[in-house]
Each structure stands twice: as structure tokens, then as C-alpha cells.
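Please keep the structure in view while reading.

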Amino acid sequence: METETPVTPRPARRGWVMAAVVGLVALAGIGWLATPNGRPSAPVDPDTVAADLDFTVKDMDGKDVRLADYKGRPLVLNFWATYCAPCKHEIPIFVDLVEKYRDQKLAILGISIDDSADDLRPFAQQFKMNYPVLVGLGQDRLLETYEAVFFIPVTWFIRTDGTVRLKHPGSATKEWFEEQVKALLPKAGAL
């Protein structure tokens, strides 16, 4: 007569499962903390949230760039770092989008959160970045305002009227980014 022996998970397997659960909870928590008012990434009501464009940031060549100068254009603010693998995944997507939507006056600004201008110049050349690369290092108020302190990449999509359409923590596909850019573009004849 055979008896069934209860199967118990091996401690190592339990440890991996527990580590995975803890990691997912931590990532969810970071994403939760990194979203406006603790809400997950979602479209923002244009009547309630205006982007704070009252910042002047140096580009990697030392020139001042005023974010307010981009009001009136569809604007994407991408906060990133040279060490960040998902950030590196997004850069070619943004390069393509700048080329594709240049005639619609799309502006993408890449704001590195902690790299010096000396580190950014060769990186931008290697990745053929065709959009302004800004130095966020030392710009604590900017990084706090755009919630780029605890989580990168984080990308903000800002309408031509200066209101925030969407804030997205994390990376995404080229198709997803293009869909968000298209939603920013004014209807034909509006520019």
C-alpha cells in the first residue's frame, strides 16, 4: 500500500519566491511613491495640473535652456541617467520620434539626473541624441517637482497649452511612446 508523502517546498525555492514577492512589492511601492499624489500613472485632468516650466537648466555644452521657452510646443521631458539600462532603451526611440515629428514642432528634452556635462557629451554622441541633453545634477527642485528623485526613467508628456497630459514612470515600447506623442500634437492647422 503506497502512502502519499506531502510535498513541501524546498527552503531555497521558498527564498526565491519570497525575494521575488518582496522585489515586486518594492517596485510597486517605488512606482506608487513616484506618481502624483500616490496615484499610478494615468492621464491627468488638463484643468487641474499645469506643468511647472519655471526652470532654467544648463545643457551639456553649458548653455542655459529655459523650459518655459517650450510652452506652445508638444513637450516630452524625460528624466534619465547614463547608468540606467531602461533609459538607454528609450533614447533611440526618442531620437526617432524627434525626426518623425520635427515638422509638428515636437520637443523632447532629456534631463540627466546625476551625470556631469563631461560625462554627458560622449554619451550623447555615442547614442546620437538629436535633442537637448540637460544637466539635472544639482537641480534638486526640478527633480523633486518632476518626481525624478526616487525612480528613473520617468517621462512627462506636456500639451501645447502647458498642461500635463501624462506622467509615466518606467520604460515602454516605441509604439506606446509614439501613441503618447500623437496625443500631444495639435490638430492640423493649429500650429
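Helices (H or I, at least four residues) and strands (E, at least two) are DSSP runs, numbered from the N terminus. The model is predicted: local features need pLDDT of at least 70, side-chain atom pairs count only at pLDDT 80 or more, and totals for chains, interfaces and linings use all residues. Residues are numbered from 1 along each chain as its sequence is written, and side-chain values use heavy atoms, without hydrogens and water.

The protein chain has a mean pLDDT (the predictor's confidence in each residue, from 0 to 100) of 81. Over residues 2-40, however, pLDDT stays under 50. Where pLDDT is low, the predicted coordinates should not be read in detail.

An open sheet is formed by five strands, in the order S5-S4-S3-S6-S7, with mixed pairing; two strands pair if DSSP finds at least two bridges between them. Strand S5 (133-135) and strand S7 (164-169) each have a single partner strand, so one side of each is left without a neighbour in the sheet. Strands S3 (residues 75-80) and S6 (residues 154-158) pair in the antiparallel sense over five bridges, and Leu 77 stands opposite Trp 156 in S6.

Helix H2 packs on this sheet and touches S3, strand S4 (107-112) and S6, where contact means heavy atoms within 4.5 Å. The direction of H2 makes about 160° with that of S3; angles run from 0 to 180 degrees between N-to-C directions, and axes are lines fitted to C-alpha atoms, for helices over the stretch in contact. Helix H3 (residues 117-126) lies across S3, S4 and S5, running at about 165° to S5.
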